[in-house]
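Subject: Structure handover

Hello,

Here is the structure I promised to pass on. Please open it alongside these notes.

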Amino acid sequence: MTGQMWPINGGSKAKRIKWGNPQNQISWAFMKQLREKDKTKKIYECNPYIEVYQFRDNMFGLFNQNCDGAGDVWMYLIVGPEKALLIDTAFGLGDIKELADTISGNKPLIVVNTHSHFDHAYGNCRFDRVYCHEYEEPLIRNQNEHMWDYLFDQNGNNIWLQFDKKDLPVFRPYELVGVPDGYIFNLGDDYDVELVWLGGHAPGMAGFLDKKNRIFFPGDDLCSDVSGVASGPRPGGINGQYQNLTVFRNNLAKIVARIEEFDYVFPSHFIINLENSVLTEELATCDAILEDPDNFDYSFEGVSPNGGLPVTRLFKYIKGFGVLGYTAKGLYPISPDESVK
Ligand SMILES: [Fe+2]
């Protein structure tokens, strides 16, 4: 039998039914080793869906299986001297709030989003207040009680991942606060985490710089499967002028110029604990694509598990890492007028 994404027994209560696009060997091997053998892994009674891994003394990865067919997702919890900070809320499966409070010892919790997508922000309504970058705020505001419907067929059965429907949140309004690039979240004393605007994968994609742990969290703008930073605006995309390779490249150059401020990089999917030089290599790949977009390494026609027309994606290798995926329309900014069609 030819192996491709054989099941990983990480201990989460949710069980995979089927996947969308296949994920790469390197990511899969890493996740299999981590989820089946890592000694820090803990599953708490208050949320049996999430595998908790300890990556630093005060920084935890909350591994959440993707409720649709796309890649599994990391949330991160940083516990400061006075407050804790949760990066992303995934699909909201299980009681994430109680889990974060249990790990932090009930410290006041600040909740932030990297971006608006299904697998990162649908659990927001479990909290009273969530922060995001100001360009992502109008997208997150579109959330409603039907946003999880696409996970089920017409008979109400789970399509991608088996879990109890009642363990999804019941949607309720919450306070959403859009903040600018450079906004600082203080976790007590001099423990600061900075929001760094990146754009690219989403208009208001926010990275977070944990200055104490010297870690950069780039959200979905770096990924050991496909770094999808240049798909271009989606139909009806709000702030779509920021969802392209040129904007991302320029923001990435700014954080690479600050490389002395951090050592490790923790993306929102798959391989984590990457050395900071991976961002230098990603910048070189962005520059090479913008210089000669036709000089890609391979192409692939794919359909998103979330629907839509097939799209031809072009891929170029990030040296020593994965690939950067892009489309012709995702290379350059468009005018704000075009972005709201
Ligand atoms: Fe994602």
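Ala90 counts as buried, because 27 C-beta neighbours lie inside 10 Å. The cut-offs: buried means 20 or more other C-beta atoms within 10 Å of a residue's own, exposed means 12 or fewer, and partly exposed is in between, with C-beta atoms placed from the backbone. Ala90 sits in the loop between strand S5 (84-87) and helix H2 (96-104). Its phi is positive, about 50°, although Ala90 is not a glycine. Helices (H or I, at least four residues) and strands (E, at least two) are DSSP runs, numbered from the N terminus.

Before you read on: this is a predicted model, where local features need pLDDT of at least 70, side-chain atom pairs count only at pLDDT 80 or more, and totals for chains, interfaces and linings use all residues. Residues are numbered from 1 along each chain as its sequence is written.

Phe270 also deserves a look. Phe270 is not a glycine, yet has a positive phi of about 60°. Its place is the loop between strand S15 (264-265) and strand S16 (274-275). Phe270 is buried, with 22 other C-beta atoms within 10 Å.

Now the whole chain. The protein chain has seven helices and 19 strands. Its C-alpha trace spans about 50 × 50 × 40 Å along the principal axes. A compact globule of 341 residues would have a radius of gyration near 20 Å; the protein chain has 19 Å, which agrees. That radius is taken over C-alpha atoms, and the globule rule is 2.2 Å times the number of residues to the power 0.38. Of the 341 residues, 45% count as buried. Among contacts with a separation of 6 or more, 64% come from residues 24 or more positions apart. A contact means C-beta atoms, placed from the backbone, within 7 Å.

Next, the sheet. Six strands form an open sheet with mixed pairing, in the order S10-S11-S12-S13-S15-S16. Strand S10 (184-186) and S16 are the edge strands, each pairing on one side only. Strands pair here if DSSP finds at least two bridges between them. Strand S11 (residues 192-197) and strand S12 (residues 206-210) pair in the antiparallel sense, over five bridges. Leu195 stands opposite Phe208 in S12.

Which residues does Phe208 contact, leaving aside neighbours within four places in sequence? They are Ile87, Val112, Val193, Glu194, Leu195, Val196 and Phe217.

Phe208 also belongs to the largest nonpolar core, which has 84 residues; Leu62, Tyr76, Leu77, Ile78, Leu85 and Phe208 touch the most other members. Strand S4 (residues 73-79) gives the most to this core, with seven residues. A nonpolar core is a set of buried Ala, Val, Leu, Ile, Met, Phe, Trp, Tyr and Cys residues joined through C-beta atoms within 7 Å.

Then helix H6 (residues 277-291). Its 15 residues should span 21 Å at 1.5 Å a residue, and its end C-alpha atoms are 21 Å apart, which agrees. The expected span is 1.5 Å times one less than the number of residues. Val278, Leu279, Glu282, Thr285, Cys286 and Ile289 are buried in H6. They cover an arc of only 115° around the axis, so they lie on the same side of H6. The arc is that of the directions from the helix axis to the C-beta atoms. Elements covering them include strand S14 (226-230), helix H5 (245-256) and strand S18 (311-317).

Last, Tyr332. It lies in the loop between S19 and helix H7 (336-339). With 15 C-beta neighbours inside 10 Å, Tyr332 counts as partly exposed. Not counting residues up to four places away in sequence, Tyr332 touches Asn244 and Thr246.

Best wishes

Notes:
Two residues are in contact if their C-beta atoms, placed from the backbone, lie within 7 Å.
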